[in-house]
Amino acid sequence: QKLCTMAGPDCSPQLIHPLPNKSLLLAVCAAGIGGTFQYGYNISVINAPTAYVQDFINQTWSKRYQTQISDNGLTLLWSTIVSIFTLGGLIGAMIGGTLSVRVGRKGTLLTNNIFALLAALLMGLSHPTGLFELLIIGRFISGLNAGIAICVQPLYLGEIAPTSLRGAMGMGTSIFITGGIFTGQVIGLRELLGKEEYWPILLSTTCIPAFLQLLILPWFPESPRYLLIDKGDEEGCKKALKQLHGIADCDSEQEDIEKERNNLSGLQAKKPWELFADRSLRWQVLTIMVLNAAQQLNGINAIYFYAGYVFKQSGIPSDKIPYATVGTGACECITALTCGMLIDCLGRKVLIMGGYTLMAICCVLFTLTLTFQEASPVVPYLSMVCVFAFILSFGLGPGGVTNILTTELFTQNSRPAAYMLAGSVNWSSFFFIGLVFPFIVLGLKQYCFLVFLVICCLVIIYIFLVVPETKNKTFLEIQNEFQSSKKRQIGFSDGAGTILLSTSI
């Protein structure tokens with residue numbers, strides 16, 4: 001047993017949270033290692049061999065066409081290799097929800113490893129065959145794998161966890177993303193696989209997490225909710241709950257699942273576009289769209305963009321900057337773990353609002369330190385503090401809580417479609433910020449963080465007014481709270497046909 005000592009309206013020293021079953025923890029690890037770990041790993045691992053891959057493209061082009069490739073052509077090919085990952089991710093997110101309904105959450109995660117293995121093979125063969133096109137195809141397939149994983153893994157984790165531990169278990173998504181980023185940064189160091197001759201091996205190491213998941217995940221059950229609500233398998237559901245939660249806790253969880261099944265009796269799994277037509281889900285849909293867009297547009301990508309410049313200005317030698325970058329990955333990893341320990345005590349709303357508030361403050365401070373970078377020798381160090389503070393704030397709230405809310409705001413028949421929609425918005429925003437951000441920096445320079453300040457402030461206001469606290473509530477209770485909330489009253493007049501929307505503050 002674990003005592004929650006943090007003060008709060010629903011969290012007193014008397015509130016006891018049970019420790020998760022060992023089997024449940026192992027199931028989370030098995031899902032994560034071949035799931036969102038791959039997403040984080042593929043984002044960071046491509047950075048280390050940048051110069052080597054560009055040299056390979058240059059040499060291959062010269063041998064093939066007996067002429068040097070232009071600088072613009074080289075930049076275009078490299079940008080394609082990097083950015084096509086997001087296109088694959090977008091497509092993966094669009095099909096992930098459908099696959100999770102047809103073959104199950106666990107079945108989709110296992111099947112998804114085919115893409116990871118194929119991508120690793122293609123990228124590993126690119127150098128021996130002299131075909132840089134294989135890198136483009138491999139990165140696209142890696143994106144497909146990541147898009148499906150980031151859609152289905154949170155779905156699986158949210159459905160296998162007991163209500164009291166849903167937040168902590170759901171944080172597994174964020175923990176494995178940050179773990180993947182950190183691992184990719186470490187493996188890419190020169191002391192490991194960061195040398196020129198090793199870059200094909202480095203890019204093909206994505207096969208290792210895939211093999212691990214194929215070995216471990218089959219020993220754990222399918223989502224109990226999927227078994228009972230989608231498949232009507234009561235025995236399978238009970239067996240899964242016993243393995244994941246223990247014999248003592250499985251009955252109460254099965255009762256909650258049966259209540260949800262009875263409530264959804266006769267209803268089919270919704271398609272993403274059907275969510276927009278359902279008036280009872282409009283606020284939930286708007287919420288996940290706002291939060292997933294904000295997760296990419298809140299300035300975290302800008303911080304990583306400026307990190308190298310800030311480290312250099314702080315006096316860190318160029319050849320040591322990769323080690324400082326590893327520090328940012330470790331920082332994000334530690335914050336995700338901290339958030340996992342706090343989320344079921346402080347609640348989702350406090351953490352995500354607190355995270356965005358701290359990020360807004362960091363945007364102001366970072367703008368000031370970048371503006372007055374030459375004013376004092378101390379200022380570059382203050383900029384470095386702002387980098388780490390921003391990353392900590394992101395990991396504490398938006399980085400981890402967003403995916404959990406996508407799970408909690410929907411019931412079983414609409415949850416896969418919600419994840420498809422959330423994933424599509426997230427990947428589209430990722431692609432958009434990658435496309436537009438260089439021009440924002442070119443036009444506004446350090447003042448670009450004022451744009452992110454406005455975004456953070458708007459999200460804080462939206463969460464305060466619209467998003468309820470979901471801690472320790474069943475999925476049905478959360479749905480009922482949205483539908484009966486007095487904060488959002490929509491009235492339709494019969495005569496003039498006007499719509500009155502009132503939101504009480």
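Helix H20 supplies the largest share of the lining of the largest cavity, 4 residues. The model is predicted; local features need pLDDT of at least 70, side-chain atom pairs count only at pLDDT 80 or more, and totals for chains, interfaces and linings use all residues. Residues are numbered from 1 along each chain as its sequence is written, and side-chain values use heavy atoms, with hydrogens and water left out. Helices are DSSP runs (H or I, at least four residues) numbered from the N terminus.

The structure holds 2 cavities of 30 Å³ or more. A cavity is a set of points, on a 1 Å grid over the protein atoms alone, where a 1.4 Å probe fits but cannot get out; lining residues have an atom within 4 Å of a point. By class, the lining has 3 nonpolar, 5 polar and 2 charged residues.

Helices H18 (residues 348-371) and H19 (residues 379-396) pack at about 160°, with axes 8 Å apart. H18 is therefore roughly antiparallel to H19 (angles over 145 degrees, on a scale from 0 to 180 degrees between N-to-C directions). Their contact (heavy atoms within 4.5 Å) involves, among others, Leu351, Leu358 and Phe366 in H18 and Val379, Leu382 and Phe390 in H19. This contact has 16 nonpolar, 4 polar and no charged residues.

Technical notes: Helices (H or I, at least four residues) and strands (E, at least two) are DSSP runs, numbered from the N terminus. Angles under 35 degrees count as roughly parallel, over 145 as roughly antiparallel, 65 to 115 as roughly perpendicular and the rest as oblique. Ala, Val, Leu, Ile, Met, Phe, Trp, Tyr, Cys and Pro count as nonpolar, Asp, Glu, Lys and Arg as charged, and the others, Gly among them, as polar. On a 1 Å grid over the protein atoms alone, a cavity is a set of points where a 1.4 Å probe fits but cannot get out, and a pocket is an open set with protein on both sides within 12 Å along at least five of seven lines; lining residues have an atom within 4 Å of a point. Grid points are joined across faces, edges and corners, and a volume is the space filled by probe spheres set on the points.
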